Amino acid sequence: MTNLTSLPPLSTQQVQALDSAHFIHPFTDHGDLATRGARVIVRSEGIYVWDSEGEKLLDAMSGLWCVNAGYGRKALAQAAYDQMMTLPFYNSFFQTTNVPAVKLAARLAALAPKVGDRSFEHVFYSSSGSESNDSNVRMVRRYWDLAGQPQRKVIISRHNAYHGSTMAGASLGGMSSMHAQGDLPIPNITHIEQPYFFENGLPGESAEEFGLRAAGWLEEKILLVGADKVAAFIAEPIQGAGGVIIPPTTYWPEIQRIVDKYGILLISDEVICAFGRLGHWFAYEKFGYKPDLVTFAKAVTSGYIPLGGVMVGNRVAQVLIDKGGEFNHGYTYSGHPVACAVALANLDIMEQEQLPQRVRDDIGPYLARCFEGIAEHPLVGVAETCGFTAGLVLVRNKRTRERFAADLSVGMICRRHCFQNGLIMRAVGDRMIIAPPLTMTHADIDEMMRLIRLALDLTQQELTQKGLI
Ligand code: PXG
């Protein structure tokens, strides 16, 4: 066995060979990866990352919807160092606790807005979004058992939702490619269609009418399953991994009416949308609905260290705590002191720099104006923003909105042009999406828009040369 740490720095090719030999990546075709070699990301600063060949890339995806406070934050490294030197780990199982976990829980409870009769005084910790959604399934079922309605087992979600990659997370998610591997979804999880107006709106139908119709699919499903059997509805405020699908304004109020009518729990999966992304600490505030459980992860630490969890609303918490006895669920790293210390330092930065407010009042509206401009591009069918995330659809014919055939992978062509010109933008089918760090200046946004426009022009040129448009 070679001791790699004592070797001189590795060349890109050496890293790629070792990567190929030993590292199984998430969601990756390794045969394909081996023929190209992985891009090796080696360092970062602000809104940029660099690869091992010295290429500088503007990271318009914040890592993977994580680095809301930007790269290179010494305060976060210092918080981790200090906590590791004081107490690097202790569990919170056997009637013990630790100070950062307690402080963070209290801080999150204070940040989560109260809506109507619902407040969030309690936090359950995990290390990721997937684990948090597994915990949601456990909590929801336990809640209904304790509430004397154990037959309420079914959780309704949506096609093209993303709720993680564990058995429960992937089942709650609505990605058919994930369900196709491993006998998913697990029982008692069912899906309705997503509120994607560009794709599912009828000719002549307004976005507002579509929003009501899309929410109505929830009521239809509840009645199909049997209202007394439905435990919860889970949804992302806007769908992130599904391609930044922004529901019409009528959608969430109607969803709220329906879950209230049938008394079912509402889970807001805010793994992407919380911590400033949509201009608020939590996204349910933006859309004005009242969740019972809120999933978080990613930007709670700006991705500097893994941490996730569930904000448990008083309706569920009171039953679990007052009637529950022992809840037989939890993780070694629930309330990890170092992760919680980093989260506290990250929230300090977000508060001091008023990142959610910046998104709401300044850079969010500025990005929206820029995207109005990009919507004019001949290749763009629709371009939309929400807070500091955005998506656009590549179309073959702007006037008729004709789409490209899926096997052309136009999104991947566009993504290649982005990367080749120093921009990280994500392709989801024929949707191109961004979720940049919330620290961007107007000049940074201008530079990002220049690169997006360049990639669109180059994509258009390539498709024209190939006779595809
Ligand atoms: N819920 C939501 C809404 C997410 O976006 C998860 C849960 C799962 O979180 P963990 O920490 O277990 O990964 C996510 C994760 C993409 C992409 O391609 C998005 C996610 C993960 C990986 C890829 O956009 N979101």
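**Aromatic pairs and nonpolar cores**

Phe120, Phe275, Phe282, Tyr284 and Phe296 are linked into a cluster by ring pairs. Rings of Phe, Tyr and Trp (its six-membered ring) pair if their centres lie within 6.5 Å; planes under 30 degrees apart count as stacked, over 60 as edge-to-face and the rest as tilted. The model is predicted, so local features need pLDDT of at least 70 and side-chain atom pairs count only at pLDDT 80 or more, while totals for chains, interfaces and linings use all residues. Residues are numbered from 1 along each chain as its sequence is written, and side-chain values use heavy atoms, with hydrogens and water left out.

The structure holds 14 aromatic pairs. In one of them, the ring centres of Phe197 and Phe210 are 5.6 Å apart and the planes stand at 45°, so this pair is tilted. Phe197 lies in helix 9 (residues 197-200) and Phe210 in helix 10 (residues 207-225), so the pair ties together parts that are 13 residues apart in sequence. Helices here are DSSP runs of H or I with at least four residues, numbered from the N terminus. Phe197 is partly exposed, with a relative accessible area of 28%, whereas Phe210 is buried at 0%. Buried means under 20% relative accessible area, exposed over 50%, and partly exposed in between (1.4 Å probe, protein chains only). The rings of Tyr251 and Trp252 have centres 5.8 Å apart and planes at 80°, so they form an edge-to-face pair. Tyr251 is buried at 0% relative accessibility, and Trp252 is buried at 1%.

Charged side chains also lie over rings. The charged end of Lys56 sits over the ring of Tyr48, 4.2 Å from its centre, and Arg152 lies over the face of Trp144, 4.5 Å from the ring centre. The criterion is that NZ of Lys or CZ of Arg is within 6 Å of the ring centre and within 35 degrees of the ring normal.

A nonpolar core is a set of buried Ala, Val, Leu, Ile, Met, Phe, Trp, Tyr and Cys residues joined through side-chain atoms within 4.5 Å. The largest core has 97 residues, and Phe233, Phe275, Phe282 and Met448 have the most contacts inside it. Helix 14 (residues 337-352) gives the largest share of this core, ten residues. Domain 1 (39-69 + 354-465) and domain 2 (78-352) both contribute residues, so the core lies between them; the domain bounds come from an automatic or database domain assignment. A second, separate core of 24 residues includes Val137, Met139, Val312 and Leu320.

Conventions:
Helix = DSSP H or I, 4+ residues; strand = E, 2+ residues; numbered from the N terminus.
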